[in-house]
Amino acid sequence: PAIIKFEKVVDALLNDLKNKISMERISGKIHETICQIIYKQAILYSQKYKIKKIALSGGVFQNKYILSRSMKILEKAGFEVFYNKLAPINDGGISLGQAYIINKKTVIK
């Protein structure tokens, strides 16, 4: 697993606050940083495992900007991107998966 260090991001955030940078601009910079981290990790694992398919799932992708921007960056880099469309993208999707597994186990018996 990758370890992502946010010390520089926090330092930049504190510096922006000290310099009275607008919250909108700070927010934009943080969101873009998250998207770039997603992109860089995708590239790293794509090269390591020779894959070009990626699934975006988890609570962070409830954020429409992060989801759409990440998709745009990844698709431009040649990835085939998947994300939840019918089930919740966050923990709500877990219960759907659990119900599916229970249903399959019941049917199998």
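1. Confidence. This is a predicted model. Its mean pLDDT is 92 for the chain, and 97% of the residues score at least 70. Helix H3, residues 64–76, has the highest confidence, at 98. Confidence is lowest in helix H4, residues 92–108, where the mean is 80.

2. Layout. The chain holds 4 helices and 2 strands. Read from the N terminus, the order is α-α-β-α-β-α. Helix H1 covers 7–18 and helix H2 covers 23–49, with a loop between them. Another loop links H2 to strand S1, which spans 53–56.

3. Overall dimensions. The radius of gyration is 18 Å, whereas a compact globule of 109 residues would come in near 13 Å. Along the principal axes, the C-alpha atoms fill a box of roughly 65 × 30 × 25 Å.

4. Burial and surface. Of the 109 residues, 17% count as buried. The accessible surface comes to about 8,500 Å². Carbon and sulfur atoms account for 61% of that area.

5. Contacts. Take the contacts between residues at least 6 apart in sequence. Of these, 70% join residues at least 24 apart.

6. Nonpolar patch. Which residues form the nonpolar patch on the surface? They are Ile4, Phe6, Val10, Leu14, Leu17 and Met23. Together they have about 530 Å² of accessible area. H1 gives the most to this patch, with 3 residues. Met23 lies in helix H2. Met23 has 55% relative accessibility, so it counts as exposed; the cut-off for exposed is over 50%.

7. Lys20 backbone. Lys20 is not a glycine, yet its phi is positive, at about 55°. Where does Lys20 sit? Its place is in the loop between helix H1 and helix H2. Is Lys20 buried or exposed? Lys20 counts as exposed because its relative accessibility is 75%.

8. Lys50 backbone. Lys50 also has a positive phi of about 55° although it is not a glycine. Lys50 lies in the loop between H2 and strand S1. With a relative accessibility of 72%, Lys50 therefore counts as exposed.

9. Points to keep in view. For the backbone, these are the positive phi of Lys20 and the positive phi of Lys50. For the surface, it is the nonpolar patch that includes Met23. For confidence, it is helix H4, with its mean of 80.

Notes: Residues are numbered from 1 along each chain as its sequence is written. This is a predicted model: local features need pLDDT of at least 70, side-chain atom pairs count only at pLDDT 80 or more; totals for chains, interfaces and linings use all residues. Side-chain values use heavy atoms; hydrogens and water are left out. Buried means under 20% relative accessible area, exposed over 50%, partly exposed in between (1.4 Å probe, protein chains only). Patches are made of residues with over 30% relative accessible area and no salt bridge: like charges are joined within 9 Å, nonpolar side chains (Val, Leu, Ile, Met, Phe, Trp, Tyr) within 5 Å. Accessible areas come from the Shrake-Rupley method with a 1.4 Å probe; for residues, only the protein chains shown count as cover. A salt bridge is a side-chain nitrogen of Lys or Arg within 4 Å of a carboxyl oxygen of Asp or Glu. pLDDT is the predictor's confidence in each residue, from 0 to 100. The radius of gyration is taken over C-alpha atoms; the globule rule is 2.2 Å times the number of residues to the power 0.38. Contact means heavy atoms within 4.5 Å.
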